[in-house]
Amino acid sequence: MSTNQKKVSASPTLPTKKTQNQKFDISNVLNEGPFPTSQNKDNTLPLDEKIRKAYFWITNFAIINPFYDIEYNSTPALKFTIGDSKSVLTLPTAQSYSSFVLLPLLTLMVQGKCLLVGGPGRGKTASAILMGVIAGYPIKEIKRAIQHGQPQMTITDLLGNPLPSDMMNAKSMDEIKIAWRKWLGMRVKIIDEYNRIPTRTQSALLTIMGDNYAEIYDQIFECPDAAWYLTANDDAGGGTYQVIEALRDRIDVVVKAPHFNTRFIKDLIQRVEEGYKPESMVPKEIIFSETEITEISKGIREVQFPEPLRRRMEFFAAQFEFMEYAGEQIEYKTKDTVKLGGSDFSKFFSLETGKDKIRDLGNQTKNGLSVRAIFTCINYAKALSFFRGLSEVTIDDLTHVLPFVLHDKLVQNPDATFFEEEGNQVYKSDRVSWIRKLFVLSLSEYERLGLDQKDEIQMLSQKFEEGLEGISAKETKQRLIEIEKAIDAISKQRKVYGHMFDDLLKLKYLHQRYTNYYNWAVDNV
């Protein structure tokens, strides 16, 4: 084995001068350039640089993965049109990355939950094991702690067993001691083929993933915060058991394991001949302590999410929940109302006629975005920016994160007219590109509406956020009139789209708050 495979390059992964904070610029969707970040306590290596060194060691020496699907450009990219489908091959001009390596690594840093999907033998479990080694666990401990999903797995198989002597002698549940499984206390948890676990055992797994504790016979084991790695051979219900919806919802990102590029068989032959096992050769320079991961988590939280990007995120997230004929009262005109009522989605979709097929992004999905999904998008976007050495999230970082976070969160409406358009059929199978397309269409609509220059709801919201203290009854009445005028303007538009629905609810909220204050102000004159 080459000694180079044991070493981490001493050269910077991003050999670029540190600069002033980069400002948000919609005209430059793909930015590149590192910014100062926190350093290790020994002041030797910035933690973002250490993460990048770990990433490049994995891609160069551990996983044969010549794919760069997370693309960045500092200058216009060179593009080629390929095949009858007119596919575009892009050559990025700035440092780009493989989602199969980067997303699991970011999951370790944010202590999230990552589902790796793909056919057998594509390196899903190997990738998860590498994350455990990088987190500081011995390779044997990691392998022994992997929970292998299989149809006979019971709750005690997953969590632990009550001690037989206690079962015989205990007079109450409190006296029973449990021999808990060691994996419950680890900071990296790996569940292999999680869709082969029986439904009842999935419920126990959900409690650990969602609430960080395990329970047997009224005994509780408090689990530490951890990075989770789950694997499945497909994400379309192909396991032995259907994965319960609540468990799927707890997964933060879905990453597809790429196929093996046969141009790299030479590398495989070399590994066979040298007996090379990368998980046993991880350099100590890229192994993270628990303290370092805590420091990284803090650094990620400190990355700024600029207001112009926040507004675009709000606009995008508002597209999907609204369904005009789902309910009578405005608050219940949502897809969730249809779902909870057990009604047929297609009938309600058919009632919404005459809308622009491009503008009506909500027609493409059967659900909206949960608070958890939006939170995860923000968290991973900050993590990606931190990884790139930035102090502020850029629009390209958010664009790259959204498809992996929302992969299983947005449920497609296969009957949407969008998918019938020429060239759009591919989005039914390629969900990553579909979600990226949704975001690009949302950005275009945001720009078309000129919401950076004129957004009356935003201005009314900012006025309210300044506080009500000292506002006279007369001024309050004037603001109520402004809100009513804004609602009237929306009511005169021919069609209502998702973002308008959220605008109406925000205006109603502001009106109620001002109404309550006005009544108080009048009574206390």
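The structure holds 0 disulfides. The model is a predicted one. Among its cysteines, Cys114 has a relative accessibility of 0% and therefore counts as buried, the cut-off being under 20%. Cys223, with a relative accessible area of 8%, is buried as well.

Helix H18 covers residues 473-491. At 1.5 Å a residue, its 19 residues should span 27 Å. The buried residues of H18 are Ala473, Thr476, Arg479, Leu480, Ile483, Ala486 and Ile490. An α-helix has 3.6 residues a turn, so residues three or four places apart point the same way. The cover over the buried residues of H18 includes helix H17 (456-465) and helix H19 (498-523). Exposed residues Lys474 and Lys485 are carried on the face of H18 turned away from its buried side.

Val282 was examined next. This residue is found in the loop between helix H9 (265-274) and helix H10 (290-302). Its relative accessibility is 13%, so Val282 counts as buried under the 20% cut-off. Neighbours within four places in sequence aside, Val282 is in contact with Trp57, Leu130, Val133, Ile134 and Ile287. Ile134 is 148 residues from Val282 along the chain, yet the C-alpha atoms of the two are separated by 7.4 Å.

Methods. Residues are numbered from 1 along each chain as its sequence is written. This is a predicted model: local features need pLDDT of at least 70, side-chain atom pairs count only at pLDDT 80 or more; totals for chains, interfaces and linings use all residues. Side-chain values use heavy atoms; hydrogens and water are left out. Helices (H or I, at least four residues) and strands (E, at least two) are DSSP runs, numbered from the N terminus. The expected span of a helix is 1.5 Å times one less than its number of residues. Buried means under 20% relative accessible area, exposed over 50%, partly exposed in between (1.4 Å probe, protein chains only). Contact means heavy atoms within 4.5 Å. A disulfide is a pair of cysteine sulfur atoms within 2.5 Å.
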